[in-house]
Amino acid sequence: MLCLGIESTAHTFSCSVINSENDVMGKNKNDDMVLSEVRDIYRAPAGWGIHPRDASKHHAMTAPKVLKECLDNANIGMKDIDLLSYSAGPGLGPCLRIGAVIARSLSSFYDIPLIPVNHAIGHIELGIKLTDLNNPLTLLVSGGHTMILVYHKNKWRVFGETLDITIGQLLDQIGRSMGFASPCGNKIEELSDLSDKNLIYQLPYVIKGNDVSFSGLLTAAKTLIHEKKHNLCDICFSLQETAFSMVVEAVERALSFTEKKEFLIVGGVSANKRLSQMLHLACEYHNSVFKSCPLQFCGDNGTQIAWTGLQSYLHSSSSKVEPEKASINQSWRLDTVDIMWR
Ligand code: AMP
Ligand code: MG
């Protein structure tokens, strides 16, 4: 079965075609489940964040090219597609709408079953698939999420989350204050690596129960930047150490409580090597296997949508929607989604 996944929640417009019969990834090129994946990422002007209208314009303009390239690379046409899935939320309304309209049109014209997918569930389920884990304590850290999750009785349950902004937003906003264009978590990581790591600024460390809060940290780090007398590399180093320690503390508590022997980190921020290193150490201490989503699939991608749509379709007769009812939900919580395939 060939499944086309369409991702458009924020910066990234992506299409991916997977073949359910080649149920492996990356082991042998010829057997790859991913036949083709193409992404085009909206870049904001330097110093600016993502503007939903501009990002949606980007998606509308690039979608035909991305879809064509994706089908061409897989050496197939739309008529060969058996199943279509799209990111229905959570995300930015104007961006989600572009993906939904394209999915709806293709589904009704080619008469292909259509599956709405929760984007966050897509990150988690693709991460599990790619790491061969069974039932891990999962940390989802991205532009839209900072959540610690455990699967229990048909749902991913939240064990801790941010009370305000996400860790991705924290890094992106600090990067913008320094003049970079969003997303800039990788720039913060690069600068932090250049710090001599002797100086750590005292920044607000806020953890309440198993939840974290980053807004005080954001304000304090921005103040240091605006004072223009501190080394930016040291600020980035201090920011990372403080924010990541908060997340690791919450993860450690969840590992102690749940006694999970597997741990998985997914989402765009999981590309950060220092965060992985800190979590790896915590997992060793708790005798838990540490795994991270492969770098190529950390950020938003069409494959997470194709794979999760396929699982939904195969295990739930109610997952399919008629094209005219294929809507979006900007604030679709992942813990409201029924998982029928675990
Ligand atoms: P996603 O929403 O899953 O696509 O993740 C995007 C987020 O990941 C953005 O906030 C990026 O700044 C962040 N990100 C990407 N690479 C890194 C990195 N190396 N370190 C920290 N954050 C990163
Ligand atoms: Mg994401």
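On helix α8, K273, L281, E284 and Y285 are exposed (over 50% relative accessible area, with a 1.4 Å probe and protein chains only). They lie on the other side of the helix from its buried residues (under 20%), which are L275, S276, M278, L279, A282 and C283. This is a predicted model, in which local features need pLDDT of at least 70 and side-chain atom pairs count only at pLDDT 80 or more, while totals for chains, interfaces and linings use all residues. Residues are numbered from 1 along each chain as its sequence is written, chains are lettered from A and ligands numbered from 1 in the order in which they are written, and side-chain values use heavy atoms, with hydrogens and water left out.

**Helix α8**

- Seen down the axis of α8, the buried residues fall within an arc of 165° (taken from the directions from the helix axis to the C-beta atoms), so they line one face of the helix.
- These buried residues pack against β6 (137–141), α7, β11 (262–266) and β12; contact means heavy atoms within 4.5 Å.
- Helices are DSSP runs of H or I with at least four residues, strands are runs of E with at least two, and both are numbered from the N terminus.
- The 13 residues of α8 (residues 273–285) should span 18 Å at 1.5 Å a residue, and the end C-alpha atoms are 19 Å apart, which agrees; the expected span is 1.5 Å times one less than the number of residues.
- At the start of α8, a side-chain oxygen of N272 comes within 3.0 Å of the backbone nitrogen of R274.
- A polar contact is a pair of N or O atoms within 3.5 Å; within protein, one must be able to donate a hydrogen and the other to accept it, and residues adjacent in sequence count only if both atoms are side-chain atoms.
- After α8 comes N287, with a positive phi near 55°.

**Ligand 1**

- There are 19 residues around ligand 1 (a heavy atom within 4 Å), and D172, G185, E189, G268 and D300 come nearest.
- A polar side-chain atom of D172 is 2.6 Å from an oxygen atom of ligand 1.
- The side chain of N272 has an N or O atom 3.1 Å from a nitrogen atom of ligand 1.
- V269 places a backbone N or O atom 3.5 Å from an oxygen atom of the ligand.

**Magnesium ion (ligand 2)**

- H119 (NE2), H123 (NE2) and D300 (OD) coordinate the magnesium ion at 2.1 to 2.3 Å.
- Donors are N, O and S atoms within 2.8 Å of the metal (3.2 Å for Na, K and Ca); water is not among the atoms, so the site may look incomplete.
- The donor residues follow the spacing H-x3-H-x176-D in sequence.
- H119, in helix α3 (residues 119–131), and D300, in the loop between β12 (289–292) and α9 (302–315), are 181 residues apart, so the pair links distant parts of the chain.
- H119 is buried at 5% relative accessible area, and D300 also counts as buried, at 18%.

- M246 lies in helix α7 (residues 232–258) and is buried at 0% relative accessibility.
- Leaving out residues up to four places away in sequence, M246 touches P204, Y205, V206, I207, V212, S213, F214 and L217.
- M246 and V212 are 34 residues apart in sequence, with their C-alpha atoms 6.7 Å apart.
- S238 also lies in α7, is buried at 0%, and touches L199, I200, Y201 and L203, not counting residues up to four places away.
- S192 lies in helix α5 (residues 185–194) and is buried at 2%.
- Beyond its neighbours within four places in sequence, S192 is in contact with K197, C233, C236, F237 and Q240.
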